[in-house]
Amino acid sequence: MTPEPNRQENPSIAAFPDNADNRFVVVWEDYSTVDAPVIYAKIYSGTEEASGKLTVSSSPCSHRLPSVGTYKDGFVTVWQRDGGNSGC
């Protein structure tokens, strides 16, 4: 996860199936900028440091508990949405 202040919770990690270069992806909840968590993803490899992070989900609704899976050419992330029927 990133060295940013505030809370970062519920990471999920998955390795890519070919894994020749030891690639894996991490997704997590981040509370550093808003009251509702933002879900981020970052891809790492065994040969280089990860560059940047990808915003997976950002909304006034609470998106929590991300889970990640990989396939040959990418990854898919799912999460739980809290918020009831308040327009979320």
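Tutor: Start with D18, which is partly exposed at a relative accessible area of 48%. Here buried means under 20% relative accessible area, exposed over 50%, and partly exposed in between (1.4 Å probe, protein chains only). The model is predicted: local features need pLDDT of at least 70, side-chain atom pairs count only at pLDDT 80 or more, and totals for chains, interfaces and linings use all residues. Residues are numbered from 1 along each chain as its sequence is written, and side-chain values use heavy atoms, leaving out hydrogens and water.

D18 forms a salt bridge with R23, N to O at 3.8 Å. A salt bridge puts a side-chain nitrogen of Lys or Arg within 4 Å of a carboxyl oxygen of Asp or Glu. R23 is itself partly exposed, at 22% relative accessibility. R23 also has a salt bridge with D21, where the closest N and O atoms are 3.5 Å apart. D21 is partly exposed too, with a relative accessible area of 29%. Shared partners join D18, D21 and R23 into one network.

By this rule, the count is four salt bridges. One of them links E9 and R7, at 2.8 Å from N to O. What is the exposure of these two? E9 is partly exposed at 24% relative accessibility, and R7 is partly exposed with a relative accessible area of 45%.

For contrast, look at S57. At 4% relative accessibility, S57 is buried. Beyond neighbours within four places in sequence, S57 contacts V38, I39, H63 and W79, where contact means heavy atoms within 4.5 Å.
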